[in-house]
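Please open the model in a viewer and keep the selection panel at hand.

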Amino acid sequence: MTTSTIVSRVKQKRIAQLLAKGKRIDGRGLTDYREIQIETGLIERAEGSARVRLGKTEVLTGIKIEIGEPFSDVPNEGVLTVNAELVPLASPTFEPGPPDENAIELARVVDRGIRESKAIALEELCLIPGKKVFIVFVDIYVLNHDGNLIDASALAALAALMNTKVFNYEIENGEVKIKSGYKQLPIRNYPVAVTFAKINNQLVVDPWLEEENVMDARLTITFEKDGKICAIQKGGSGCFTTKQILEAVKIASEKSKELRKLVVKA
Amino acid sequence: MSQKLPEKLINEKGLRLDGRKPDELRPLKLEVGVLSNADGSAYIEQGKTKILAAVYGPKEVHPRHLALPDRAILRCRYHMAPFSVEERKSPAPSRREMELSKVIREALEPSIFLEYYPRTAIDIFVEVLQADGGTRCAGITVASLALADAGIPMRDLVCACAAGKVDGTIVLDLTDVEDKKGEADVPFAMMPNTESVTLLQMDGMLTPEEFEKAFNMAIEGCRKIYSLQKEALKAKYVAIKEAVEE
């Protein structure tokens, strides 16, 4: 169930009035992101990690690599698993327990961007065809919720994957032996998610919490490096006009290039 | 039991495996009022996809703390029968089913006047009996009919249909094989009288131009489904009227 948050009518009205004039309550323009900081390699025990700060939203993503069995329909490919935890310390509205529908949606939207853009060269992660492959666990840990968890998590997942090292190995009599040393996880694409909120029939990019609390609907569009769309997700209980969706695609195409520069540099 | 996948999904004549043109829907059968216990119910067959939907409510909310003082809460469960797919699916809800339950609920929510029924709950159950692609869209189409059958006031019917890309061609209403082997899938739902998009998802890879083409094709597909939905609703009342007159 959605956790309902009470927003005062005064604030709701203020947000709408400002939007009508093309302004937002935190002073940003309609298509501006908050300040973004990306740090990588903070967790030494993880094969890869990154922390993204998007304004006050904070997401830590850790990558663990294990050896396991492939799926029977793709016996020569490694396995990608994305999980998201809305940790109770991140927001008064998060509760302990197994991932709820919001956490599952978050993980699946991030997963879709990585998987459909073929960001990880999974075929290079096969050790013994049909028997042993590398499993890449992407664990998204939300540390502070101030809105737009999808974009922050997608950035953190990408930054962490780019920072991931895979241990060296050799095959001896059909057994996998781990050797010393590491090499870089093979990354081929850089998917970046851009999320919009619709408030009072107006689109804003990168909604923060106060805007999410009053928004009618949400739209996330993920672009890969060559300018193709690789994932879309509408959320929230409202709707969009067809025109708004095509407009959002245009804006997201430009915004994703800006965001990608931040990660590929970091 | 694994089927062998065909090499080509679209032949030299531009026709698909089941003989359809790229912008053609599968044969659609809709029936309203199929379950006696539910307040509203409906059944859909879209090609080999077969889905039952039931609506219960507006009714008392359990557990009570979930109730909202100014409107009804809408709950939705999308579930696949273990025998609905090639390899038996565990009946426990998967992460996919949990996500789909959420997006289906959010696709139907804009159509319902929830504010007419404060402190109540409306439950929607979508049971996939057989899956052959497009189950979330067919689920929305049929659930919207079940809501109408339950007599719940709505702004419009919600109709849904996927478009996508298969063998380099933009196509409408993908089957399971087309979805798995194709390049992209765009599930879509709308309320036609206001042209409001209530569901939009995509996976795969499309250029913005291809996306726009798929998007427009899905809108056209939805309009066709919309008229079939209205026919199905009317058919139930025509049947009742005839029974009374006899």
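The stops below concern the interface between two chains and one helix of chain A.

This is a predicted model, in which local features need pLDDT of at least 70 and side-chain atom pairs count only at pLDDT 80 or more, while totals for chains, interfaces and linings use all residues. Residues are numbered from 1 along each chain as its sequence is written, and chains are lettered from A and ligands numbered from 1 in the order in which they are written.

Begin with both chains: 29 residues of chain A are in contact (C-beta atoms, placed from the backbone, within 7 Å) with 26 residues of chain B. On the chain A side, at least two residues each come from helix 2 (101–116), strand 12 (229–235), strand 13 (240–241) and helix 5 (242–265); helices (H or I, at least four residues) and strands (E, at least two) are DSSP runs, numbered from the N terminus. Strand 12 gives the most, with 7 residues.

Next, select strand 13 of chain A and strand 9 (residues 196–206) of chain B, which run antiparallel and are joined by 2 bridges. Here A:F240 stands opposite B:V197.

Finally, select helix 1 (residues 9–20) of chain A, which has 12 residues. A:G22, with a positive phi near 80 degrees, follows helix 1.

Conventions. Pairing = 2+ DSSP bridges. Expected span 1.5 Å × (residues − 1).
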